[in-house]
Amino acid sequence: MIVWLNGTHGVGKTTTSALVQQLIPDSRVLDAEKVGETLMDIKPTLPWTGNFQDWAPWRPLVVETARRVLDYTGGTLVMPMTVLVEEYWREISAGLAQHGIPVRHFVLHADQETLRGRIERDPDMGPSAFRLAYLEPYAEAARAWLHAEAEVVDTTRLTPAETALRIAGAASAERAARGR
């Protein structure tokens, strides 16, 4: 099973994924961004589009990486990754479904003011123009398709630990219902 944590940059996916992993037995964190970083390391470089998700190999490589890791380890993968392009999400989720891998898709959400504050006061990364630039694309994806496609967890007033408990509880209940 995959527990996919979606949402805009700076909402807390990485922090939450580490906490979720601690709460779900036999689980591991697989950050799909590392697949993109691998593609970014190709020399000479691939034609830059502004986002590695736009490269056609990224999406099937995410699917194949997740499938291979699950085949090797079993258990649950917790995957924190922002995917705001509906076509890309459909490609990834269809690829995982073709391999019989169930996905529990969560979107971590917070209101715009809270997101801006978190991004501007991030103790590790500091203020990030990159993260701020994704607030509007996230809001548009949320309105257009993303919130209808996933379970939305409003983190505006939740700590990362409270968020992780909600997600792990829902994922564990689904695993139990599937008999895994």
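Biologist: Does W55 count as buried or exposed?

Modeller: Burial is read from relative accessible area, and under 20% counts as buried. W55 has 7% relative accessibility, so it is buried. Bear in mind that this is a predicted model.

Biologist: How many aromatic pairs does a search of the whole structure find?

Modeller: The search finds 4 aromatic pairs. One of them joins W48 and W55, with 5.5 Å centre to centre and 75° between the planes, an edge-to-face arrangement.

Biologist: Why is the pair of F130 and Y134 called tilted?

Modeller: The angle between the planes decides it: over 60 degrees is edge-to-face, under 30 degrees is stacked, and the rest is tilted. For F130 and Y134 the planes are at 55° and the centres 5.0 Å apart, so the pair is tilted. F130 is partly exposed, because its relative accessible area is 48%. Y134, at 18%, is buried.

Biologist: Now the helices. At what angle do the axes of α2 and α3 cross?

Modeller: The axes of α2, residues 33-40, and α3, residues 58-73, cross at roughly 125° and come within 9 Å. The crossing of α2 past α3 is right-handed.

Biologist: Which residues of α2 and α3 meet?

Modeller: From α2 they are V35, G36 and L39, and from α3 they are W58, L61, V62 and T65. By class, this contact has 5 nonpolar and 2 polar residues, and no charged ones.

Biologist: What is the angle between α3 and α4?

Modeller: α3 and α4, the latter spanning residues 86-98, pack at about 30° with their axes 9 Å apart. Under 35 degrees counts as roughly parallel, and α3 and α4 are therefore roughly parallel to each other. This crossing is right-handed.

Biologist: Which residues make up the contact of α3 with α4?

Modeller: W58, R59, P60, V63 and A66 of α3 meet Y88, E91, I92, G95 and L96 of α4. The classes here are 7 nonpolar, 1 polar and 2 charged. W58 of α3 takes part in the contact with α2 and also in the contact with α4.

Biologist: R67 is found in α3. Is R67 buried or exposed?

Modeller: R67 is buried, since its relative accessible area is 17%. Apart from neighbours within four places in sequence, R67 is in contact with H99 and I101.

Biologist: Where is M81, and what does it contact?

Modeller: M81 is in the loop between β3, residues 76-80, and α4. At 4% relative accessibility it is buried. With neighbours within four places in sequence set aside, the contacts of M81 are W4, L5, N6, K13, D31, A32, E33, F52, Q53 and W58.

Biologist: How far from T15 is Q98?

Modeller: Q98 and T15 are 83 residues apart along the chain, and 30 Å separates their C-alpha atoms. Q98 is found in α4 and is exposed, because its relative accessible area is 70%.

Biologist: What should I look for in the backbone?

Modeller: Most residues other than glycine have a negative phi, and most peptide bonds are trans. Two places here depart from that. The peptide bond between K43 and P44 is cis, with omega about -10°, and P44 is in the loop between α2 and α3. D26 is not glycine, yet its phi is positive, near 55°.

Biologist: Where is D26, and how exposed is it?

Modeller: D26 is in the loop between α1, residues 13-23, and β2, residues 27-29. Its relative accessibility is 44%, so D26 counts as partly exposed.

Terms used:
Residues are numbered from 1 along each chain as its sequence is written. This is a predicted model: local features need pLDDT of at least 70, side-chain atom pairs count only at pLDDT 80 or more; totals for chains, interfaces and linings use all residues. Side-chain values use heavy atoms; hydrogens and water are left out. Axes are lines fitted to C-alpha atoms, for helices over the stretch in contact, and angles run from 0 to 180 degrees between N-to-C directions. Helices (H or I, at least four residues) and strands (E, at least two) are DSSP runs, numbered from the N terminus. A crossing is left-handed if the near helix is turned anticlockwise from the far one by less than a right angle, and right-handed if clockwise. Contact means heavy atoms within 4.5 Å. Ala, Val, Leu, Ile, Met, Phe, Trp, Tyr, Cys and Pro count as nonpolar, Asp, Glu, Lys and Arg as charged, and the others, Gly among them, as polar. Rings of Phe, Tyr and Trp (its six-membered ring) pair if their centres lie within 6.5 Å; planes under 30 degrees apart count as stacked, over 60 as edge-to-face and the rest as tilted. Buried means under 20% relative accessible area, exposed over 50%, partly exposed in between (1.4 Å probe, protein chains only). Angles under 35 degrees count as roughly parallel, over 145 as roughly antiparallel, 65 to 115 as roughly perpendicular and the rest as oblique.
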